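Have a look at the fold and the chains before reading on.

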Amino acid sequence: MKLIFEKSVPGRRAVQAGPGDVPAVNIQSTLLRESAAELPELSELDVVRHFTELSHRNFGVDSNFYPLGSCTMKYNPKVAEHIASYPGFARLHPLLPQLRMGGMLTQGALRVLYEMDLLLREITGMAGFTMQPLAGAHGELTGMMIMAAYHADKGNKKTTVLIPDSAHGTNPASAAIAGYSVATIPSKDGVMDVDAVKEHLSDDVAGLMLTCPNTLGLFNPHVKEICDLIHSVNGLAYYDGANLNAIVGKARPGDFGFDIVHVNLHKTFATPHGGGGPGAGPVGVTEELVPYLPVSVVAKRSDGTYTLEYDRPKSIGYIAPFYGNFSVVLKAYVYILMLGNEGLRRVAENAVLNANYVKEKLKSHYRIAFDRLCKHECVFSISDQMAHNGIRAIDIAKALIDRGFHPPTVYFPTVVHEAMMIEPTESESKETLDGFIDAMIDIAGQAGSDPARLKTAPATAPVCRPNETAAARNLNIACL
Amino acid sequence: MIVEGLVYTKQHEWAKVEGNIATVGITDYAQMLLGEIVFVELPVVGTEVISEHEMAVVESTKAASDIFAPVTGKIVSVNSTLESEPELINKDCYNAGWICRIEMADDASLESLLNAEQYKQHVKGAGQ
């Protein structure tokens, strides 16, 4: 495909503006550029076709299967987008509630925030939520700042946070920014090892950060015991909600003993995720931690109207401008109300069923990291293909592009060699999954019969195999 | 490839001990798992390092990995060629791809290290 500059023909124009009736002004020559700007010259139709062709090269969940593990790239129902575009929501100015009488003009939006808090409490078993964090990692940081504020308030001298070796990299980063050092806890049989937790347990332990089910798609059967151990040294247990999709409506982190929970609305609750979101990572806490939540908090007055509360002396303060990504919260609110209790349970059931279907169908073709019932995602190791044919996970991923699928997550979690992590989500039909499974089996065959060709995949993409090593070694950022 | 005469850690670092100086790098198995190395964050000369604690970072197209000090002591020199040619670790991990030299505080930390045969068994176990 040619660049728009290459399609330029001197003198060609789209809409011609008529002669202006504003008198010309003499501009100082020092302010003028020395040579004319090289702008592309095209007709309107050329421009429309150019950008339409470009748009066809987008790859998203609206066009194809997107099994990116640990990311819950599910379909976003269009009705939620539609409701979020209602002018009554979309055109609200964020400063309105601060203005005299302005609060009465924002009652609908405040009610959405208030009721979303109640819905998320019910779903997670927590006592209060903030909607402000703008993404999952921002929620983690908010949660860890609440943990630090709690310990400081209680006069607890705490230094260390326990995090399993299969955690998302954002967990240790969030703990470190909140001022803690991190102790990495090894896994046993794919889940955080209880004995290793006991070994690291001391009065220095501020808390735990745990994703459950973890990034291997495995639910830790000792999760309650681990929370109890953390509580035994006055620590707090933090639940990373990245994989809540696997248990939503079925089990509640609050019932396991977690004190702080973040929820990724852009994952479990079907708001846009790829392409920058924006996301939202509400944080919920137990009754004891509610005073530390960020300001502002939506409260309901005795007359049934809603208002923003700022008088929270123990609050960690502002962590985002205004009220977070409001329209994302609104879309998730629509999704939750639309599905209801029964619908959310079926989300978890079908997400888990789909992942196990893919696992069972593929495990005789690729080595499965842990051969047992998984939750919402399954992790394969491409180590057999690597040993026999020199084929790596990246080669399998690239070959999927030729077959019309977005590659799954590769090389994560790092505890599995040549990892390939597949999360189908509940959105996908059996027919789509069968198409993906057939493609994976076809690629496994090609790894044995024609590995050299696999190494050059994809052959059909606009850009085939960029040299990732050269790109990383020879950073060219001159254009920035 | 595992070289006789070196000592190894379970995290796949090697050390060549000459007097009280240990030359340190990562093993062939480690570079193979990491894939193509694109960046090495070298330790600073003069830094005190502790055995089994992080001392450097190696970044490949797949992941960034901590490199742990095999022995306790002080960094006395680093292989600054790696800053411009990190691929030396892929090409020649036991020679030109060395990472740093550590002046050992004492011999105590050597005791927990593996010899070539023990490391070979360790890698065999890790591959299964």
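Two residues are in contact if their C-beta atoms, placed from the backbone, lie within 7 Å. With that in hand, look at contacts in chain A between residues at least 6 apart in sequence: 71% of them join residues at least 24 apart. Please keep in mind that this is a predicted model.

Now for chain A as a whole. The C-alpha trace of chain A spans about 75 × 75 × 45 Å along its principal axes. Its secondary structure comes to 15 helices and 15 strands. Of the 480 residues in chain A, 42% count as buried.

How is chain A divided into domains? Domain 1 covers 78-338, and domain 2 covers 349-459. Taken over C-alpha atoms, the centres of these two domains of chain A are separated by 32 Å. Where they meet, 13 residues of domain 1 of chain A are in contact with 14 residues of domain 2 of chain A. The domain 1 side of that contact divides into five nonpolar, seven polar and one charged residue.

Chain A also touches chain B, in a contact that takes seven residues from chain A and seven residues from chain B. On the chain A side, these divide into two nonpolar, three polar and two charged residues.

The table sets out the two contact sides by residue class.

| Contact side | Nonpolar | Polar | Charged |
|---|---|---|---|
| Domain 1 of chain A, touching domain 2 of chain A | five residues | seven residues | one residue |
| Chain A, touching chain B | two residues | three residues | two residues |

Note on methods: Residues numbered from 1 in each chain as written. Chains lettered and ligands numbered in written order. Predicted model: local features only at pLDDT ≥ 70, side-chain atom pairs only at ≥ 80, totals over all residues. Domains from an automatic or database assignment. Nonpolar A, V, L, I, M, F, W, Y, C, P; charged D, E, K, R; others polar. Helix = DSSP H or I, 4+ residues; strand = E, 2+ residues; numbered from the N terminus. Buried ≥ 20, exposed ≤ 12 C-beta atoms within 10 Å, placed from the backbone.
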